[in-house]
Amino acid sequence: MLHASWDLFTSRQAPSSLWFGYQLARSLAHRGQSMRLFTDELAELSSSVAGVHPTRFMQIHQGLEIIDRRMADFTPVAPVAIQMLDAPLPAGYRTRLAQQLSPTRCLQVVPHSDDAWPGLSPLHTVAVEGRCTHLVAQFGDAPLKAGYIKQRSVLPSVQHLWGRAAAQTGLLQTLGLRADLLDGCLAVFLDVRDPSGITPLLEGLADSPRPVCAFIDDHALQAAQRPASLPWGRERQGQTDALTHGALTVVALPTRRWRMVDALIETVDLVMTSESDTAMRSSACGIPVAWCCTDRDSGFFDWYTVRSGPVIRRTLAALFGALTSGEDVKSAWNLYLARWDEAQSLAALVAQRIRRAPDLADVLRASLTDDDVETVVRQFAPTQPSMALAGYGPPTVLNPARSGWAGKVASPQALLSPWNTPAISSSSQPRVEPASPAS
């Protein structure tokens, strides 16, 4: 077992924490940090990452130590523990973290759309428990946010090397579909885990004024029982059968592995999802996202529509609300298609924001190893945002019945913490970083 400097915890209790946690752990390991990833989703990780064994309690993969979460109570604690999203720390591990002779830190990474935490600094303290200081870092490109988790790819994507047409051809060949399946169609990836939300989506898309080809995980489609209200037909699409009705063609995917999701994002025109990791990957690639917002992340709308025009903002509000409630999907979808060019422009702007923002791994490494907090604030969170970031206003709550994140770590008690450095005076000139290339 390696003596790690960082322990990162994910949990199936926190949806999407595995993807975000694995990407962050890989980024920190690539930067020379000794990392351990504790997860209770080894089977899912092994199905998506080649070389990871689904049942081994401890294994090392590409310099990253991956450990079954149940082993956390029997391993020495690291100086820094990371809770990805809402993944809890094992009780025994948390107790030992607070009882260490040397100071330790526990950091919770929260979503970009979570408005429960004020932007006091890239990292701010929320509680002190024994020798352990609990901190919070929030995704975002606004001032005093901690940046984003940038996905690391071992190999360049097909689209990056040969273009979008080659990516579409490769995906269709992999799935055994005919080469002209997407000609004249709007390709949509439906990544919605709740079966009850799939039926109204498909029913609304079936009456679309524009032909739609929807890719959806077969397990999710079976759970939704292939909406009986639609008289589905079958059409041979190369080597694979597809369900058809009206303007809609549905292709059932055999698996939802990460590589398949990445290939779909490179291929489709639009992503409809309730999963934070899929939404972030799509946004980083400049693919329009239709968010089926849930109680755990209803603030996505406010983050996504920063600096958008009032018309497209209202259009997206109507679509996101319809996809969430399952009501008036057809009318909201038709209005959205009428503003399709604006939706694509907004998606390109969101991708530029993500590329321009710092990498969360760099912020964490600098913030947790550099005692000069003002240096970190100047480097990663200038108090005078660029014009590209102007327009952040009060959040618009689409679904007020959300669980929120407040109280999951502790009540904010950061005002007395040395991490909450007063904002830099407006007379100081923030450091201007060159735009980083797309990850």
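In this predicted model, the sulfur of Cys 106 has its closest cysteine sulfur in Cys 132, 5.3 Å away, which is too far for a bond. That is a handy way into the structure, which holds 0 disulfides. The protein has 439 residues, and 53% of them are buried. It is built with 15 helices and 15 strands.

**Cysteines**

- A disulfide is a covalent bond between the sulfur atoms of two cysteines.
- The cut-off used for a disulfide is a pair of cysteine sulfur atoms within 2.5 Å, so the 5.3 Å from the sulfur of Cys 106 to that of Cys 132 is too far for a bond.
- Cys 106 counts as buried, at 1% relative accessibility.
- Cys 213 is in no disulfide either, and the nearest cysteine sulfur to its own belongs to Cys 185, 5.9 Å away.
- The relative accessible area of Cys 213 is 0%, so Cys 213 is buried.

**Overall contacts**

- Among contacts in the protein with a separation of 6 or more, 70% are between residues 24 or more positions apart.

**Helix α12 with helix α11**

- Two packed helices are described by the angle between their axes and the distance between the axes.
- Helix α11 covers residues 310-325 and helix α12 covers residues 329-338; their axes come within 9 Å and cross at roughly 150°.
- Angles over 145 degrees count as roughly antiparallel, and α11 and α12 are therefore roughly antiparallel to each other.
- The crossing of α11 and α12 is left-handed.
- On the α11 side, the contact is made by Thr 315, Leu 316, Ala 318, Leu 319, Ala 322 and Leu 323, while α12 brings Val 329, Ala 332, Trp 333, Leu 335 and Tyr 336.
- Sorted by type, the residues of this contact between α11 and α12 are 10 nonpolar, 1 polar and no charged.

**Helix α12 with helix α6**

- Helix α6 (residues 198-206) also packs with α12: the two axes come within 8 Å and cross at roughly 55°.
- That angle makes α6 oblique to α12.
- The crossing of α6 and α12 is right-handed.
- From α6, Pro 200, Gly 204 and Leu 205 meet Val 329, Lys 330 and Trp 333 of α12.
- The residues of the α6 and α12 contact comprise 4 nonpolar, 1 polar and 1 charged.

- Ser 16 is not a glycine, yet its phi is positive, at about 75°.
- Ser 16 sits in the loop between β1 (6-9) and α1 (17-30).
- With a relative accessible area of 13%, Ser 16 is buried.
- Leu 85 is another non-glycine residue with a positive phi, here about 55°.
- The loop holding Leu 85 runs between β5 (80-84) and α3.
- Leu 85 is buried, its relative accessible area being 5%.

**Gly 92 and helix α3**

- Helix α3 spans residues 91-98, and Gly 92 lies in it.
- Gly 92 is partly exposed, with a relative accessible area of 27%.
- Gly 92 and Phe 74 are 18 residues apart along the chain, and their C-alpha atoms are separated by 8.9 Å.

**Thr 104 in strand β6**

- Thr 104 belongs to strand β6, which covers residues 104-110.
- Its relative accessibility is 3%, so Thr 104 counts as buried.
- Leaving aside residues up to four places away in sequence, Thr 104 touches Ala 78, Pro 79, Leu 97, Arg 131, Cys 132 and Thr 133.
- Cys 132, one of those neighbours of Thr 104, is also the residue whose sulfur is closest to that of Cys 106 among the cysteines.

**Leu 144 in a loop**

- Leu 144 lies in the loop between β8 (132-138) and α4 (158-162).
- Leu 144 is buried, with a relative accessible area of 16%.
- The C-alpha atoms of Leu 144 and His 124 are 9.9 Å apart, and the two residues are 20 apart in sequence.

How values were computed:
Residues numbered from 1 in each chain as written. Predicted model: local features only at pLDDT ≥ 70, side-chain atom pairs only at ≥ 80, totals over all residues. Heavy atoms only, no water. Axes fitted to C-alpha atoms, helices over the stretch in contact; angles between N-to-C directions. Helix = DSSP H or I, 4+ residues; strand = E, 2+ residues; numbered from the N terminus. Parallel < 35°, antiparallel > 145°, perpendicular 65-115°, else oblique. Left-handed = near helix turned anticlockwise from the far one by under 90°. Contact = heavy atoms within 4.5 Å. Nonpolar A, V, L, I, M, F, W, Y, C, P; charged D, E, K, R; others polar. Buried < 20%, exposed > 50% of the residue type's maximum accessible area, 1.4 Å probe, protein only.
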